[in-house]
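Below is a short report on a single protein model.

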Amino acid sequence: EGGGNMAASGEGAPEGLCGPERPGAGGLALLGLAPSAPSCPHGPALLFVKTSQGKEEGRRFYACSACRDRKDCNFFQWEDEKVSETRLAAREEYNRNHQPPFTHRQNVERYKNFVLLPLSKRRFCQQCQQLLLPAEWEKHSDHQFLCDISTAQLKSPSQLLYPLENKKTNAQYLFAGRSCQFLLDLIIDLGFRRVLSVGTPRLHEMIQSKASQEDFRVRSLLLDIDFRYSQFYTEDEFCHYNMFNHYFFGGEAARETCRKFLYQGSGERVIMVTDPPFGGLVEALASSFKKLMAMWKETEKEDHNQEMPVFWIFPYFFESRILEFFPSFSMMDYQVDYDNHALYKHGKTGRRQSPVRIFTNLTPSMIVLPVEEGYRFCAVCQRYVSSGNQHCEICNSCTSKDGRRWKHCVLCKKCVKPSWFHCNNCNCCALQNHTCEKTDAVCFVCGKADHKRSTCPSLSHT
């Protein structure tokens with residue numbers, strides 16, 4: 001979760017690569033997936049363009065879709081570059097050598113053999129993050145082991161595996177038990193029986209652990225870039241997937257597994273729950289999610305105007321970006337917490353309240369939030385809100401995004417954070433000790449003063 005996938009703001013090319021949501025002089029814009037895109041170990045590369053102040057567009061190039069830092073994947077190629085046969089062959093060899101040591105099918109067979117072993121012979125190599133069979137012990141003799149791996153541990157792989165917390169490359173923050181249980185209870189109460197878990201290994205794990213219960217009807221399919229999970233789940237339970245370029249590493253067979261899972265039998269409604277890395281480019285994620293939603297629509301024969309139900313878990317400050325791509329979505333007030341994140345924990349246990357929310361295309365009034373955790377129903381807005389989120393009569397909405405009571409600014413014609421004050425120089429609300437924006441600030445792309453680079457019409461958007 002947060003998410004179970006590599007964080008891409010595309011830093012595979014010139015250092016500091018970022019998308020349109022991160023303005024700055026000489027920025028970079030994402031152009032998307034090109035049909036003939038070259039590949040790196042993380043699948044097809046994404047096409048970017050370098051933009052410089054006052055100029056239309058720079059040279060286009062391909063960079064890794066998944067890694068933010070060139071140290072993790074240094075793939076880079078200019079779009080108009082002629083690549084020699086020798087270099088192409090070397091690249092293919094490199095991609096092959098950077099694949100996992102076992103295929104998913106081999107991992108499934110290894111697991112079957114592993115569970116037959118007595119407890120004393122069940123070992124997990126912490127260094128290689130791999131379940132070991134006795135014949136392999138010697139090869140890993142100088143590594144750290146976990147011994148006596150129980151069935152309970154095998155059913156909770158997210159606790160057995162090291163979370164990939166490197167902020168630049170991975171952002172694998174795992175749902176706290178409270179948030180995970182809330183999500184599962186909500187999914188069941190809403191009548192969903194299938195969950196497409198995109199980068200949410202802990203939710204998938206919770207569903208799998210209850211699967212043997214007689215009265216439990218929910219099924220889950222995990223799509224995740226972390227191939228380590230293939231050691232614990234069959235090919236019907238896990239697909240190795242990159243959510244930044246909609247790439248199934250298992251090819252057409254894995255794509256077909258996903259398609260079959262999305263097919264709704266009688267009364268088996270599907271919902272997609274996704275928790276991407278917060279450093280990820282919203283455009284790239286939105287593009288992949290639209291493709292998954294289209295895949296669902298192909299299997300859905302009844303109502304062609306319907307969208308696949310989605311819970312997209314992401315920080316509230318990305319609201320405008322998400323709504324740009326999914327106008328039917330709205331943001332819920334529920335604060336999603338993570339076990340292994342120092343900041344994003346509920347209430348007073350973290351250093352600050354979590355900014356992570358649920359964005360959904362379901363009717364807001366259907367999303368019932370727990371009153372005992374400080375949520376209440378607003379009859380005017382027809383949705384559950386944080387108890388501190390007071391209804392503003394002027395905006396005619398519960399306007400707070402962070403749980404505190406916001407105040408209305410008559411000059412800005414909107415509600416703002418309680419710590420903000422109206423600045424006559426900037427002609428907007430800001431923190432009291434802020435540095436006033438220069439009045440001559442202009443867009444770094446086209447040089448005009450009426451907008452920022454992030455909303456420049458000259459930028460190509462997918």
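This is a predicted model: local features need pLDDT of at least 70, side-chain atom pairs count only at pLDDT 80 or more; totals for chains, interfaces and linings use all residues.

## Helix α5

Helix α5 covers residues 177–189, 13 residues in total. Its first and last C-alpha atoms lie 18 Å apart, close to the 18 Å expected at 1.5 Å a residue. The expected span is 1.5 Å times one less than the number of residues. Helices (H or I, at least four residues) and strands (E, at least two) are DSSP runs, numbered from the N terminus. After α5 comes Gly191, with a positive phi near 85 degrees.

Buried residues of α5 include Ser179, Cys180, Phe182 and Leu183. Leu184, Leu186 and Ile187 are also buried. Buried means under 20% relative accessible area, exposed over 50%, partly exposed in between (1.4 Å probe, protein chains only). Their cover includes helix α6 (201–210) and strands β10 (192–198), β14 (269–274), β15 (310–315) and β17 (356–360).

## Arg321

Arg321 sits in helix α9 (residues 319–325). It counts as buried because its relative accessibility is 10%. Its side chain makes polar contacts with the side chains of Glu283, at 3.2 Å, and Glu324, at 2.8 Å. A polar contact is a pair of N or O atoms within 3.5 Å; within protein, one must be able to donate a hydrogen and the other to accept it, and residues adjacent in sequence count only if both atoms are side-chain atoms.

## Confidence and conventions

Residues are numbered from 1 along each chain as its sequence is written, and side-chain values use heavy atoms, without hydrogens or water.

Mean pLDDT is 84, and 82% of residues reach 70 or more. Over residues 344–351 pLDDT stays under 50.

How values were computed
pLDDT is the predictor's confidence in each residue, from 0 to 100. Contact means heavy atoms within 4.5 Å.
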